[in-house]
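Subject: Structure handover

Hello,

I am passing this structure on to you. Please open it beside the sequence and read my notes against both.

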Amino acid sequence: MVTDPIADYLTRIRNAQMAGHTVVDIPASNMKKKLTEILYDNGYILQYRFDEEGPQGTIKIALKYDVDTKKPVIKELVRVSRPGLRKYIHVDGIPRIKNGLGIAVLSTSKGVITDKEARNLKVGGEIICYIY
């Protein structure tokens with residue numbers, strides 16, 4: 001049993017990229033599905049597919065690499081809020097990741113959204129992770 005499924009999700013992606021894999025399979029949940037959609041919408045992964053086989057289902061993620069250097073597009077995946085120490089932030093305190101080049105993913109009353117969407121909607125919430 002995994003105590004922090006979001007950290008496990010980020011670690012599986014990080015490890016697959018370090019090993020040079022093109023596809024990674026991750027056990028599915030609604031939060032992980034939303035995180036995967038955010039990664040896709042912001043251009044960090046090539047594609048994804050939700051398989052509903054089994055009791056939980058899986059997410060298949062096609063990782064994205066730079067064509068010339070063969071390095072992963074995602075440089076950093078950092079888990080911020082964790083089960084032992086939750087990090088909540090007001091809309092005025094939402095950080096800009098790498099001067100706007102990266103994204104922060106927040107869980108808000110409007111759903112799981114990026115830092116830019118949270119500023120536009122003027123909502124704060126729990127900071128899930130930073131992606132750069």
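Below are the findings, grouped by region.

First, the ground rules. This is a predicted model: local features need pLDDT of at least 70, side-chain atom pairs count only at pLDDT 80 or more, and totals for chains, interfaces and linings use all residues. Residues are numbered from 1 along each chain as its sequence is written, and side-chain values use heavy atoms, with hydrogens and water left out.

Helix α1

Helices (H or I, at least four residues) and strands (E, at least two) are DSSP runs, numbered from the N terminus. Helix α1 covers residues 5-19, 15 residues in total. From first C-alpha to last, α1 reaches 21 Å, close to the 21 Å expected at 1.5 Å a residue. That expected span is 1.5 Å times one less than the number of residues. Buried residues in α1 are I6, D8, Y9, L10, I13, A16 and Q17. Here buried means under 20% relative accessible area, exposed over 50%, and partly exposed in between (1.4 Å probe, protein chains only). An α-helix has 3.6 residues a turn, so residues three or four places apart point the same way. The cover over the buried residues of α1 includes β1 (23-27), α2 (30-41), β3, β4 and β8. Just after α1, G20 has a positive phi of about 80 degrees.

Strands β2 (residues 45-51) and β3 (residues 58-63) run antiparallel, joined by six bridges. Two strands pair if DSSP finds at least two bridges between them. R49 has K60 in β3 as its bridge partner. Six residues separate the two strands of this hairpin. In the turn, G54 has a positive phi of about 80 degrees.

Aromatic rings

How many aromatic pairs does the structure hold? It holds two. Y40 and Y48 have ring centres 5.3 Å apart and planes at 75 degrees, so this pair is edge-to-face. Y48 and F50 have ring centres 5.2 Å apart and planes at 45 degrees, so that pair is tilted. The rule: rings of Phe, Tyr and Trp (its six-membered ring) pair if their centres lie within 6.5 Å; planes under 30 degrees apart count as stacked, over 60 as edge-to-face and the rest as tilted. These ring pairs link Y40, Y48 and F50 into a cluster. Y40 is partly exposed at 39% relative accessibility. Y48 is partly exposed at 27%, and F50 is partly exposed at 26%.

Charges over rings

The charged end of K33 sits over the ring of F50, 5.4 Å from its centre. K98 lies over the face of Y132, 5.1 Å from the ring centre. The test is NZ of Lys or CZ of Arg within 6 Å of the ring centre and within 35 degrees of the ring normal.

Strand β8 and its partners

β8 spans residues 125-131. Six of its seven residues are buried. Which strands pair with β8 in the antiparallel sense?

- β4 (residues 77-79), by three bridges; R79 stands opposite C129.
- β5 (residues 88-89), by two bridges; I89 stands opposite G125.
- β6 (residues 103-108), by five bridges; A104 stands opposite Y130.

E126 is found in β8 and is buried, at 11% relative accessibility. Leaving aside neighbours within four places in sequence, E126 is in contact (heavy atoms within 4.5 Å) with S81, R86, K87, Y88, V105, L106 and S107.

Best wishes
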